[in-house]
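Me: I am new to this structure and would like to understand the words used to describe it. Could you take me through them with care?

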Amino acid sequence: MNRNTSKKWKYTTKQLFGISLLLILSLIVLSLVTNYIENEASGPIQKDALPEISENIWEYHSIVSKYAKQNGVEEHTPVILAMMMQESGGRGLDPMQSSESLCGERNCIKDPDLSIQQGVSFFALALDKAGGDIELAVQAYNFGHGFIEYVQDNEGEYTQEAAITFSQKMYDQSGRDNSIYTCRREEAKELEACYGDIYYVSSVMDYRLAIERQIGN
C-alpha cells in the first residue's frame, strides 16, 4: 500500500467513525427526548388526574377486607374502599353510609364496624343480583337494589344513560318541586335527575384506581 492510498484509507476510516459516532449520539438524544415526552404525557398527568384519598380510609382497610372476605367479595376490597371514600371520606360513625339499607332511615348506625359490615353485605348482595356487573352493583349501592331490576328489565346492563333515566323517573315520582331529594350536582339539576347521584359510578371508579395505585405502591 503506497503512501497516498494509506492516507486515503485513514481519511475514509475517520469519516466513517465520525458518521457512526454522530448516528449513535443522534439515537441517544432521540431516545431521551422520546422517553421524556412519554413520561410527561402518561406519568405525571395521570397521577395528577387521580383524586386524593383520605387517610381515614386506610384505618378501615383491614375491617373492610375482613367483611369482604366473609361475603365472598374480597377481590373488590378497593371498590368498597372507594365507595366509602365517595360516601364519607372515611369520617363519622357510619363511614359506609349504610344506615338506610339497614333500618330505612339515615343515621341509625352509630358504630363504624356495623356500618362496614352492613355496607359490604349490601354491596355483595347487589353484586350477586347484578350477575357480577360491578358498575351496576356500585350504582345500586347508591340507588338501591331496585335499580338492578330496572336495568335488567330494560337496558340489560349498566350504562350512564340508564342511571340518568332511573334517577329522572324516581325524582319525578317523588314530586320534583316538593321532592325530599336534592340535586348533588349542577349537571344532575339540569337533567332533572336528582334522585341519588347519577355520576356515582364514575366517581367511585376514579377513587378505586387511586386506591389500587396506593395499595400497589
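Reply: Let us begin with the elements: helices (H or I, at least four residues) and strands (E, at least two) are DSSP runs, numbered from the N terminus. This is a predicted model, in which local features need pLDDT of at least 70 and side-chain atom pairs count only at pLDDT 80 or more, while totals for chains, interfaces and linings use all residues. Residues are numbered from 1 along each chain as its sequence is written, and side-chain values use heavy atoms, with hydrogens and water left out.

Me: Where does Gln97 lie, and why is Gln97 called partly exposed?

Reply: Gln97 lies in the loop between H4 and helix H5 (99-103). Buried means under 20% relative accessible area, exposed over 50%, and partly exposed in between, with a 1.4 Å probe and protein chains only. Gln97 has a relative accessible area of 41%, so it is partly exposed. Its phi is near 50°, a positive value in a residue other than glycine.

Me: What makes Asn107 exposed or buried?

Reply: The relative accessible area of Asn107 is 51%, and therefore Asn107 is exposed. Asn107 is found in the loop between H5 and H6, and its phi is positive, about 65°, although it is not a glycine.

Me: Why is H3 called oblique to H6?

Reply: Axes are lines fitted to C-alpha atoms, for helices over the stretch in contact, and angles run from 0 to 180 degrees between N-to-C directions. Angles under 35 degrees count as roughly parallel, over 145 as roughly antiparallel, 65 to 115 as roughly perpendicular and the rest as oblique. The axes of helix H3 (residues 61-70) and helix H6 (residues 112-129) come within 9 Å and cross at roughly 40°, which makes H3 oblique to H6.

Me: Which residues of H3 and H6 make the contact?

Reply: With contact meaning heavy atoms within 4.5 Å, H3 contributes Ile63, Val64, Lys66, Tyr67 and Ala68, and H6 contributes Asp113, Ile116, Gln117 and Val120. In H3, the residues Val64, Ser65, Tyr67 and Ala68 are buried, and what covers the buried residues of H3 includes helix H4 (77-87) and H6.

Me: Why is the pair of Phe143 and Tyr195 called tilted?

Reply: Rings of Phe, Tyr and Trp (its six-membered ring) pair if their centres lie within 6.5 Å; planes under 30 degrees apart count as stacked, over 60 as edge-to-face and the rest as tilted. By this rule the count comes to 9 aromatic pairs. The rings of Phe143 and Tyr195 have their centres 5.5 Å apart and their planes at 35°, so the pair is tilted. Phe143 is in helix H7 (residues 134-143) and Tyr195 in the loop between helix H10 (186-191) and helix H11 (200-216), 52 residues apart.

Me: How do you know whether Phe143 and Tyr195 are buried or exposed?

Reply: Phe143 has a relative accessible area of 5%, so Phe143 is buried, and Tyr195, with a relative accessible area of 11%, is buried.

Me: What makes the pair of Phe166 and Tyr195 edge-to-face?

Reply: The planes of Phe166 and Tyr195 stand at 70°, with 5.9 Å centre to centre, and the pair is edge-to-face. Phe166 lies in helix H9 (residues 160-173) and Tyr195 in the loop between H10 and H11, so the pair ties together parts that are 29 residues apart in sequence. Ring pairs link Phe143, Phe147, Tyr150, Tyr158, Phe166, Tyr181 and Tyr195 into a cluster.
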